Amino acid sequence: MIKKVQYVVLTALLSLLISSTFAQSGMVKGTVADLKGEVLIGANVYIEGMTTKGTITDVNGNFILENVPVGQVKIISSFIGYLNEEKIVAVIDGKTASVDFVLDEDIMQLDELVVIGYGTKRKRDITSSIVKVKSEEMENVSVPTFESALQGRTTGVQVTSDNGMAGGGVTIRVRGTSSLMASSQPLYVVDGVPIITGSYTTDNGFPDKSNALAQIDPSDIESIQVLKDASAAAIYGARSANGVVLITTKHGKQGKTKFNVGYYSGMSDITNKLDILDGSDYLKYTKQAWTNSNKGTEQQYYENLPFNIYNPSITVNPDYSGDTDGGVYRTNKDVIDNTNTDWIDLMLRKGNVQQANVSASGGDAKTTYYLGGSYRDEKGVIISNAFKRVNGRMNLEHKATEKFSFGSDIALTYTENNRVPTGWAGGLGTAQSRSLPIMPVYNADGSFFAPRSGVNPIAEDANLNYQANTMSILGKIFAKYKITDDLTFNADFGLNNLYLRENKYVGTIIQEDAFSMDRRVEVNSYNTNTTLNYDKNFGEDHHLTAMAGMSVQKNNQYESEFNSSQFPSPTLQNPNSGVKKGGYDYETEYGFISYFNRESYSYKGKYLASFSLRFDGSSRFGLNNQYGWFPSGSVGWIISDEGFMEGVSFLSLLKLRGSYGLTGNAEIGDYRSFGTYYTTQYNGESGIGVGNIANPDLGWEKTSQTDVGIDYAFLAGRISGGFDYYYKYTTEMLLNVNVPQTSGSSSVIQNVGKMKNSGVEFFIDARILTGDFNWTTNFNIGHNANEIIDINGQILSGENFGNNFAIEGKPIGSWRLVEYAGVDETTGQPLFINQETGEATSEYNYDRDAIVTGNPYPDFYGGLNNSFTFKNFDFSALFTFSSGQDVYRDDAKFFQGGNIGSNWNQMQIVEDSWQSSGDKTDEPQLSWDGAGSTYNTTHYLSEASYIRLKTLSFGYTLPRSFAKRLKIDKARFYINGQNLLTFTNYPGWDPEVNRDGSGNITQGVTYLSPPQIKTLTFGLTLNF
Amino acid sequence: MKKINKLLVIVAVISIIFTSCSDVLDVEPKMELSDQTALTTTFGLQTAIIGAYDRLQSGNLYGGRIWVAGDMLAENVQKSGQSALVYEEIQMMNKNMSPDNLITAEFWSNAYTTINLVNQVIAAIPEVEASGDVDIIDSKDRIEGEALFIRALLDFDLVRYIGNTKTGEGVPLITEPTGVEGKPARATIDLVYSQVIKDLKRAAVLLPEVNDDRATSWAAKALLSRVYFFQKDYTNAAIQATDVIENSGFELADSVQKNYTPNLSKEIIFAIMSTPTDVSCGTLNMYYRIKSTPRFSPSNDIISYMTYGGNTDQRLLQFFTKESDGKFYTKKFDDRYMNVPVIRLAELYLTRAESRFNINPSDTVILHDINVIRKRANLTDLTAVTSTAIYLERTKELVFEGDNFFNMKRLEKKIAGYEWNDVKLLFKIPQRERDVNPNLTQNE
């Protein structure tokens, strides 16, 4: 009864409201959910052909469509990432019909938007090579910076973590190395703003790189696109030859406020431990070397160990008689024989990491926002090495009118990095090498033991303080104006500022005079983008988009350092307290001014073409050559949409595409075209000297790239993927061309070189099982071959150390080494191949016998990911692999060369050293001071192929019903592992390594480099 | 109409952005001078001369390796074991220097960079004069004199280390800027020496007697004496030495140790100067300084020379010590702020003594000069002199100052088992240099 009354009242009311517009109409209500039963919020529901009469679902997935004309009506529900569903509903005048939609995921996601430079494009219409990584893929990875998350997930992008240090650097190569002198790192653009990259910390004594990209919190990232081929990247003109990484941060969507809380915490450890000798073995093998070299008695052996044990009772006076001092010997022997210090162990610890992030996003029809904050605290595996980050981001957009909107994307980040010396500079590097296991950490009186040669790394750690704090601002303000339905004007102004402050104090245990430093670096970069975007359909078949714009960027950098030494007290550590004050300042700047346009056309949605042209000017180039043109074009053909393919039902997508374009590289440093005199000083007066030789013709390094690719999908997208072949040819490569030094200069920078990279890339994504048990596999593999074509006939050595070279006809970074031929069975001496006779000889002659060998870059690299979900459980495992690259162990010649008097501890492999005539081994007889054994030979060049379980994660999501009771949308608990397993034959710490000072040519070299780490974290994410 | 207004606004906005950005590419180095203006004033030329001294200060030149290289080749030093020797040092110790030896390559590059700089200065003097800069009138002699002195000093050491006496091949002789295209061949040793002598004679005329701790006319004459001496032109060597000893006003420091301090002793005729923030001796400290885990300790030969003749010798007591590892070390370069002496009066006494000895062994000046040196070292006077005594005194006095190697070559003594003129004792022409300049022949 009551129901009937309600009905009458309701109908009456509704009739009153509606009667004026529609004579006869009803309502349709229902819910929209996905296959798992989760409701979809914000899904579109509309009547066919009447999209403007549509509505969207509310927070519970419900919708009500009003004023639906009576009769059989086709209702459609759509949602991004899902396939549309259509239902026919019988609508009766004045009544409410019910219909529920269950949307199936759109596996191919061809309508998904892909970010390209200065715009977006539907995936279907893309005719270039772009790889996209979405935030969900990074969620499972507890890495400090986003580049690490790209490893193994992006076809054709090679990612190498230089080492496992907290706050350390990452090397990225997109489709190989296309430069010798200029940077080979890609251009990074965040929400349209090119950002500051690289390492700004001082390398004085702390050679390993820091990473400016740590200013971006991975949890703020919505998606990353890597523009790989010329037609995608050339819109960034002069800076696009190394590819472009576009990062889009998270933005709010209309709807209720969504909170996301995440937390993880875990521990880390080194991936592998180096096998070096312990105390008793060290004594055993050094004594053997002493005897082999006929150096003398055992007493003299002890005297000649490269240090003395402190004994205050012994005073040493000038003594010209040549007597040996028995007192020193006796004191040494007792302590030495009873000491067994594991220095590496002492320098390492179990690291730990925790990160918390909170975000809120949402908005109404006019204003949307994303607000995020995070905190990360990481203690590295090397003692005293730590990294902290606090980050906040606010992305806001407001529609002032239907036509005009504006907003801002702003992030503030503060990082704190406790840095430690490594490699040759000390710390763990010393612990691996000059800190012998027979040295004690402390003297009997409790003071730090001080070896005569080098530094006790534990004492060094206690006496050293080095912190690098960075404050960065990354943001932009923007405005959009819709001039007509088809034409939009966009303007934005972006900023990226980085303020680095470094404080270092080195105490008197480490060096004679204490040293303190306060160094500041300020990098200010601003950028404007102004574009007009046009997008129009002409009839059914023609779709044209066009964009024209200009951009200006200016970047300046200021550095200053104030330092001093000789302090009155170790408690005073500010530079002002030191007696001997010093410092420097430095200033540099560059500017870019660019005009660009791009037109894309599609005919019937299956014939696609795109063209772009950029005109770029840079202050970095000579006055005669300041501007350059960067054109590109691409075409695509969606064969699967052709009528003749209709019968091939298993093929869901087959797209052929091809592109060609010209990209540039301008990363050579500022002012290189100017002729300069540097300033200096002598005896308190200022002086000058000949600096750079002018080259007003200095111009871009140009890389043309051809790309041919296929995108495919089978079985309604259950299997999909792509294949690309590319050929990159770099010409007018910037090169320091050597000139006779009798001219007073060493080299002149010129555009002369040529280099090529070519390769293939393949990836496949397969949804093997769907439903309750869901199994997805992704596999990608890339191959790149590099060859230096022309560098003026020069043989260029690497940027630093390690015997890498650039040689015409060889891949960049090849080594020149003498071929090792094992050990002479009768003498125990190392043998080398004489390249003139082809015979083994004990003579080491680098000039005659060095051969070009090895390649620091892999032949193949990629990843294999398997993800499973079963009900509320999820599990995924990502393996990465890298095959064919070599690593030159530049330290091994001291570690295992048989030259045991080099004051270094030795690798356990010296156990295999030659003992007596007839021994077959690769390790020569141990000798005390055999100079011959520290030669650079192929013996220390090792293949460093590996397969690594990069990421392993296991998660559990609370059942929906239970979560609902807790008033949350989603709660997931997970365990995540990074680098848990590594399969390799590489004999050093870890095959993934890049020593300090690495560059384009110096790659794949290790010299006491810190190891990689494995990490295990536990975490949870809550959405409500 | 409305549409047109909007477009106007947009056009206005764009044009503002465009015009405000016109200076974006207008960027010039802020830390460096333009090569167009650097050498166009007297002040510019003076700072370029200071820049040339700064180069001499390099650890690869007179700040260190130019001395140490000779001592490695002559085996005046041995590996101490405290710090490892690097590749190029091992090569020098073993007398198998390759064409890529870094010490020889850096010596070459720094020397010619400096020579080019002073040549640029000499070439620019007439232009500055023509520009009407009046300061040049009073300064040009000094500027040209210093330029010539620096060029002569470097040419002399280049030809000593690289010149092959067997073939007569010297080093490229660069007396004016060559430009980066220039590919000079090696001049003959004789030609280089005659240019060195010519430059020094002219420098001696142009330079003042006192010159702010920089090159003076006395420095030019003292160096000229050294050049003649190693040319075995003993008559001229003695003439120049006498001029300096008698007329310059320089005198021996009361203690030899005073020559290796941050203060210029009255004995030092020319030194590479240190200031607390710009030291010259860092490389020498690295090789020798006891507290700096030195790479070298004195060789047994040097120890036997130093201890010869008793333990009262100041030069032994002040400069040698036995450390806890049982090895001798030198303390000569223990001061971290010391100036590096390039030429000091003691050498001129020794040069004159030996020169006169070679002309007339009974000349009384010889005994006088030797005893002046011995007396300062707290040794008793000799009553008669022999060539051995002169050699011993010179070696002891100038030990680790880069003299002994060339002195042995001058005396045609065997050096580390090699004949004095063996090509193994010569620096190689750097390979990178021969790669870009095919006119250069190698020492082989």
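Visitor: Against which elements of chain B do the buried residues of α14(B) pack?

Guide: The model is a predicted one, in which local features need pLDDT of at least 70 and side-chain atom pairs count only at pLDDT 80 or more, while totals for chains, interfaces and linings use all residues. Residues are numbered from 1 along each chain as its sequence is written, and chains are lettered from A and ligands numbered from 1 in the order in which they are written.

The buried residues of α14(B) pack against α13 (345-359) and α15 (387-397) of chain B; contact here requires C-beta atoms, placed from the backbone, within 7 Å. Helices are DSSP runs of H or I with at least four residues, numbered from the N terminus.

Buried in α14(B) are I366(B), D369(B), I370(B) and I373(B). A residue is buried if 20 or more other C-beta atoms lie within 10 Å of its own, exposed if 12 or fewer, and partly exposed in between, with C-beta atoms placed from the backbone. Viewed along the axis of α14(B), these buried residues fall within an arc of 95°, so they line one face of the helix; the arc is that of the directions from the helix axis to the C-beta atoms. On the face turned away from the buried side, α14(B) carries the exposed residues T364(B) and K375(B). Just after α14(B), N378(B) adopts a positive phi of about 70°.

How values were computed:
Helix = DSSP H or I, 4+ residues; strand = E, 2+ residues; numbered from the N terminus. Contact = placed C-beta atoms within 7 Å.
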